Amino acid sequence: MTKVAEVNGEVFSAVQNSVRRRFRHFVALEDRLRNVCPGAILPPRPNKHSTRAIDEATSRQSSQFALQRAGELETYLNALRLHPIAGNSLPLKLFLTLPDHIGVAWPEVSSSIFTRITEAGTSTAIKVAESTSAVISELSNEQQTIAGEDNHRILALASSEGLRIGSVIQAVPKIEGTIVLVGELGNIMSMNGLEMQKLSNLVVTHDKELGRPFDILSSGLLRCGRRTTRLAVELGASAQSFSMQLKLCRYERLAFLDRRSALARRREARKEGEKRSQRLLLHQHSLQSVGRYGTAETELPVTDELAMDAIRDADEVGRKLDFEVGRIAQIRRKQWPEDLKVMAANMKESFAERRAIWEGCHKTFMEEFSADNSSVVHEQGEDPQLLPEKVAEDTVLQNGLPDV
């Protein structure tokens, strides 16, 4: 039991609650949060990896995969819980507190296959219609869509964020690819070191002295490969903030799409109000003659109220969007410089260690084989300094025999 507080000698422990959720429940949670929090930039949800498809489809998942997936989902839920807008939303509270199957409240993830099929068919039709209409609107009414935004701050924000998102989409995958290449380089060096070690062991069985150079080289390759692999892991950990911002680009674009949808609803509400006002003015005399002028006067405030609701919704989405973009920018300005410094320090340390590894190998090679080479040269050339008796004998032979 974890001790939380003690009052009058009585110990109170933390209240723990556990619920069972599947991955499709998290997908439904994200969809519902986007519906109730338009304009919010939600944390990126973990995706299904292609390499895990077989593992996830099996009825008995591996413990390693289950632990990794649980860690990813726990991080995602913590990010949602700390989100300033989605953290207090009703779908998240229901998701975390409902002890029963979440399909009881959400038909799209119901345990009944018929309920799920019906809800999936309806939602798919709606999504296809929305996406198709959005594409048509962007292609044929692009200027009208831009003109519909009357908030100059959001217009400037959309322009600057569009450039930034494009840069992030281009740059971050290159950083991730470079880290992958560094890891592959470490693996290649380690494999070459292992092969070189096998060759050294094979040569040593026939000639011990000849196998020593291969042993030194294999040792350097193995140590350098391990350090390079560790560098890839360190760089990958430091690049998490960049990868997170890349994932957030999609959700930021969805937030701008929520703003455009709200503007479209506001525009339609205004058009409907104007049409009703025009009809009221055109048929004013005829309505008075049949005694329905009072009815038309009561319909007009209802239309105005609907238009005001659409205007308030669009303004609220705009405020949320402005706040969310600023919040993400603050996180980025804080994390990116720190992570860049960590990456630079890791690379500097790794390069220094790898240089020391190869300098050590070179020093060992020169110390061992320079002495051997000098001994061989001395034996073959018969250095006079090492053989003084030989020098004296040669001198006597050259001068002839001594006089007796």
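This is a predicted model: local features need pLDDT of at least 70, side-chain atom pairs count only at pLDDT 80 or more; totals for chains, interfaces and linings use all residues.
Visitor: How many helices and strands are in the protein chain?

Guide: Helices (H or I, at least four residues) and strands (E, at least two) are DSSP runs, numbered from the N terminus. Read along the sequence, the pattern is β-β-α-α-α-α-α-α-α-α-α-α-α-α. The count for the protein chain is 12 helices and two strands.

Visitor: What percentage of the residues of the protein chain count as buried?

Guide: Buried means under 20% relative accessible area, exposed over 50%, and partly exposed in between (1.4 Å probe, protein chains only). Of the 404 residues of the protein chain, the buried share is 29%.

Visitor: Which residues have the most contacts inside the largest nonpolar core?

Guide: A nonpolar core is a set of buried Ala, Val, Leu, Ile, Met, Phe, Trp, Tyr and Cys residues joined through side-chain atoms within 4.5 Å. In soluble globular proteins, nonpolar side chains tend to be buried together. The largest such core here has 31 residues, and those with the most contacts inside it are Leu29, Leu33, Ile41, Leu80 and Trp106.

Visitor: Is Leu80 buried or exposed?

Guide: Leu80 is in helix H3. Contact means heavy atoms within 4.5 Å, and, not counting residues up to four places away in sequence, Leu80 touches Leu29, Leu33, Pro43, Ala86, Gly87 and Leu92. With a relative accessible area of 0%, Leu80 is buried.

Visitor: How do H1 and H4 lie, roughly parallel or roughly antiparallel?

Guide: Axes are lines fitted to C-alpha atoms, for helices over the stretch in contact, and angles run from 0 to 180 degrees between N-to-C directions. Angles under 35 degrees count as roughly parallel, over 145 as roughly antiparallel, 65 to 115 as roughly perpendicular and the rest as oblique. H1 and H4 pack with their axes 8 Å apart, at an angle of about 155°. That angle makes H1, relative to H4, roughly antiparallel.

Visitor: Which residues of H1 and H4 make the contact?

Guide: On the H4 side, the contact is made by Pro91, Leu92 and Phe95. On the H1 side, the residues are His25, Phe26, Leu29, Arg32, Leu33 and Val36.

Visitor: Which backbone nitrogen does the side chain of His25 reach?

Guide: His25 lies in helix H1 and counts as buried at 1% relative accessibility. Not counting residues up to four places away in sequence, His25 touches Arg20, Phe95, His101, Ile102, Trp106 and Val109. At 2.8 Å, the side chain of His25 reaches the backbone nitrogen of Arg22.

Visitor: Which side chain does that of His83 join in a polar contact of 2.8 Å?

Guide: His83 sits in the loop between helix H3 (63-81) and helix H4 (90-97), and is buried, with a relative accessible area of 5%. A polar contact is a pair of N or O atoms within 3.5 Å; within protein, one must be able to donate a hydrogen and the other to accept it, and residues adjacent in sequence count only if both atoms are side-chain atoms. A polar atom of the His83 side chain lies 3.1 Å from the backbone nitrogen of Ile85. The side chain joined to that of His83 at 2.8 Å belongs to Glu324.

Visitor: How far apart in space are Ala40 and Leu321?

Guide: Ala40 is in the loop between H1 and helix H2 (53-57), and is buried, with a relative accessible area of 7%. Ala40 and Leu321 are 281 residues apart in sequence, but their C-alpha to C-alpha distance is 6.0 Å.

Visitor: How many disulfides does a search of the whole structure find?

Guide: A disulfide is a pair of cysteine sulfur atoms within 2.5 Å. For Cys224, the nearest cysteine sulfur is that of Cys361, 8.9 Å away. The number of disulfides found in the whole structure is zero.

Technical notes:
Residues are numbered from 1 along each chain as its sequence is written. Side-chain values use heavy atoms; hydrogens and water are left out.
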